[in-house]
Amino acid sequence: MFDKILIANRGEIACRVIETCRRLGVATVAVYSDADRAARHVAMADEAVHIGGPKPAESYLRGEAIIAAASATGARAIHPGYGFLSENPGFVEAVEAAGLVFIGPSADAIRAMGLKDAAKKLMSEAGVPVVPGYHGENQDPEHLAGAADAIGYPVLIKAVAGGGGKGMRKVARAGDFMDALASAKGEAATAFGNDAVLVEKYVEKPRHIEVQVFGDGTSAVHLFERDCSLQRRHQKVIEEAPAPGMTADMRAEMGAAAVRAAEAIGYAGAGTVEFIADASDGLRPDRFYFMEMNTRLQVEHPVTEAITGVDLVEWQLRVAAGEALPARQEELAIDGHAIEVRLYAEDVPKGFLPATGRLDHLVFGEGARADTGVVPGDEISPWYDPMIAKLIVHGATRDIALRRMERALATTEVAGSVTNLAFLRKLVAHPRFAAGDVDTGLIEADLEDLVTEAEPGPGAMALAALAAMGLAGEAGPLDGFSLWAPLRQTVRLAREGEAFDAAVEVLGPGRFRVGLGDEEAGLEHTGGGWLLNGKKTALKAVALPGRVVVFDGDAHEFGVPDPLDIAAEAGAGGNRVEAPMPGLVKAVMVAPGDTVVAGQRLAVLEAMKMEHALTAGRDGVVAEVLVAEGAQVEAGAALIVLEEDAP
Ligand code: MV4
């Protein structure tokens with residue numbers, strides 16, 4: 001086993017690899033860009049080396065800087081994670097030329113799987129089923145049109161160097177072929193610098209089912225399948241293992257085909273053989289086809305770990321260090337069911353726009369494994385994939401796993417950035433997903449409903465009002481405040497640009513009635529949380545600067561207009577300086593007769609656990625000082641009066 005390795009990656013996968021290294025007593029070296037100086041993976045590693053600027057090309061794609069960092073720190077091997085250089089054969093060769101070990105497959109194995117046409121040809125020769133189609137060299141449009149006619153419509157045109165759906169066009173009828181071909185070639189040339197395409201039969205109701213394989217360069221085993229059909233624009237959203245509706249026969253056939261694929265190229269390390277299954281008549285052993293092989297550890301590997309009990313990173317380290325495969329096929333078995341979701345900082349209603357912000361509050365839900373590269377307080381970096389975490393649950397059955405995921409998502413709390421949490425909750429609760437009736441079209445089919453976020457109820461709005469007054473801290477109402485808080489007070493909040501007032505009435509310690517227009521809500525804090533109108537709820541609030549966030553399973557953010565801005569508007573030009581909210585007078589800096597200038601601090605009020613400076617709204621002379629230090633004041637109380645402004 002290596003005594004020290006370097007992880008040539010960042011984020012959750014770097015942290016995940018470091019966790020296994022710690023367990024195995026392997027020292028770790030992280031590499032980081034300017035943007036990741038304070039990142040979790042740097043903090044977790046034993047050593048860290050700065051490798052350049054925030055753009056991947058300036059850092060995480062700089063193979064020579066990474067190799068130099070490994071050599072300089074005495075790391076014996078490099079783990080590439082996924083993405084970045086993980087499937088770059090040139091990098092593998094450079095690592096090996098530097099006398100280091102690349103924890104993954106050989107450069108040749110990566111090359112063999114790099115181009116779809118060659119890969120499919122190789123697989124076909126290895127007896128792995130591929131989609132009927134044309135994977136030849138001849139790219140003459142007429143020749144390709146003839147191939148399409150021979151295959152039979154609908155067909156799919158795919159970029160040979162493509163991936164993730166780029167350079168892919170479905171063609172339903174011959175008349176559309178030439179235009180689709182030109183469009184696919186154009187996109188492929190732009191995206192991959194290679195406009196070669198292949199043409200294959202379109203598989204109806206496609207299910208994305210992939211098989212985890214592990215090789216030692218000679219033989220391979222499989223660790224069963226994962227279903228990754230819930231995708232949006234070729235981005236996986238939810239993955240699970242095993243695949244719903246999979247039969248033992250089909251699993252055995254797919255596993256055997258995946259092993260043949262791996263052994264055909266002398267594969268070493270963790271890999272994934274990706275198939276498309278035609279589910280138009282349920283899953284059938286005669287209707288699955290090789291798509292591509294991913295020559296890396298994949299994002300969704302934890303669901304395989306959960307059902308097999310295997311730590312795939314440990315296997316990667318051990319096999320790369322020269323050990324034999326840690327298990328024989330007959331020793332591997334499926335235990336239960338696992339589901340993974342990818343929690344992203346993205347604005348779903350705005351078309352899944354990547355979001356930024358600071359993760360002021362971050363709690364991962366009950367019962368889930370959370371693979372994450374961030375800690376509370378981190379800024380979401382605009383430079384990289386805005387993934388916050390992967391949440392993985394496991395249960396004895398799919399139904400149990402599903403319920404655990406629902407609970408994990410309902411108790412996950414993120415404030416400071418918008419996330420796709422509400423979307424994930426809807427998806428997991430979707431009747432077709434719950435029934436295991438998944439296919440790649442599900443999300444698009446119901447997208448409108450899935451991206452519409454629920455509005456907060458009166459209970460959430462009422463708790464937001466209490467939080468805005470500092471009366472709903474994480475541990476419940478701050479009794480000191482509730483004793484001072486005036487019996488009735490109105491607080492202004494804003495939600496999606498709409499302001500509204502909440503009339504809060506303190507009925508006793510931890511007991512409130514909140515009027516919201518023509519509705520009202522009773523909130524009482526008990527040891528175990530908030531009762532809403534007498535009923536226990538999971539409502540929880542977090543107060544942040546200028547806003548509060550209430551969790552009711554989803555996260556609802558409310559703006560809290562700065563009372564001082566309100567006071568300043570009232571005070572500006574006026575004679576009275578008033579308390580914008582209830583609080584304690586901490587200091588008075590002026591006396592009658594003092595000349596003051598606009599903006600000058602006149603007094604300090606302590607409220608909502610913060611100190612607020614009250615300033616003069618204009619130049620003038622102090623006429624009266626109505627309060628002394630230590631006074632408790634209500635919202636709106638006059639504290640200082642200036643002399644009438646000279647006409
Ligand atoms: C297909 C297909 C239907 N028929 N090939 C999408 C990207 C790559 N993973 C392969 N993909 C597909 N190839 C044939 N012959 C449908 C898809 C496809 C898809 C596959 C898996 C998951 C999501 C998908 C979304 C759209 C299309």
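1. The crossing of helices H1 and H11 is right-handed (the near helix is turned clockwise from the far one by less than a right angle). H1 spans residues 11–24 and H11 residues 312–320, and the two pack at an angle of about 65 degrees with their axes 9 Å apart. That makes H1 roughly perpendicular to H11, a term that covers angles of 65 to 115 degrees.

2. This is a predicted model, in which local features need pLDDT of at least 70 and side-chain atom pairs count only at pLDDT 80 or more, while totals for chains, interfaces and linings use all residues. Residues are numbered from 1 along each chain as its sequence is written, and side-chain values use heavy atoms, with hydrogens and water left out.

3. The structure holds four cavities of 30 Å³ or more, a cavity being a set of points on a 1 Å grid over the protein atoms alone where a 1.4 Å probe fits but cannot get out. About 60 Å³ of space lies in the largest cavity, whose lining residues (those with an atom within 4 Å of a point) include Pro80, Phe102, Arg296 and Gln316. Because domain 1 (4–103) and domain 3 (205–332) both give residues to this lining, the largest cavity lies between them.

4. The second largest pocket has a volume of about 640 Å³, where a pocket is an open set with protein on both sides within 12 Å along at least five of seven lines. Of its 24 lining residues, Val418, Glu453, Arg495, Glu496 and Ala555 lie nearest the centre. The largest share of the lining, five residues, comes from S32, which is strand 555–559.

Definitions and conventions
Points joined across faces, edges and corners; volume = space filled by probe spheres on them. Helix = DSSP H or I, 4+ residues; strand = E, 2+ residues; numbered from the N terminus. Axes fitted to C-alpha atoms, helices over the stretch in contact; angles between N-to-C directions. Parallel < 35°, antiparallel > 145°, perpendicular 65-115°, else oblique. Domains from an automatic or database assignment.
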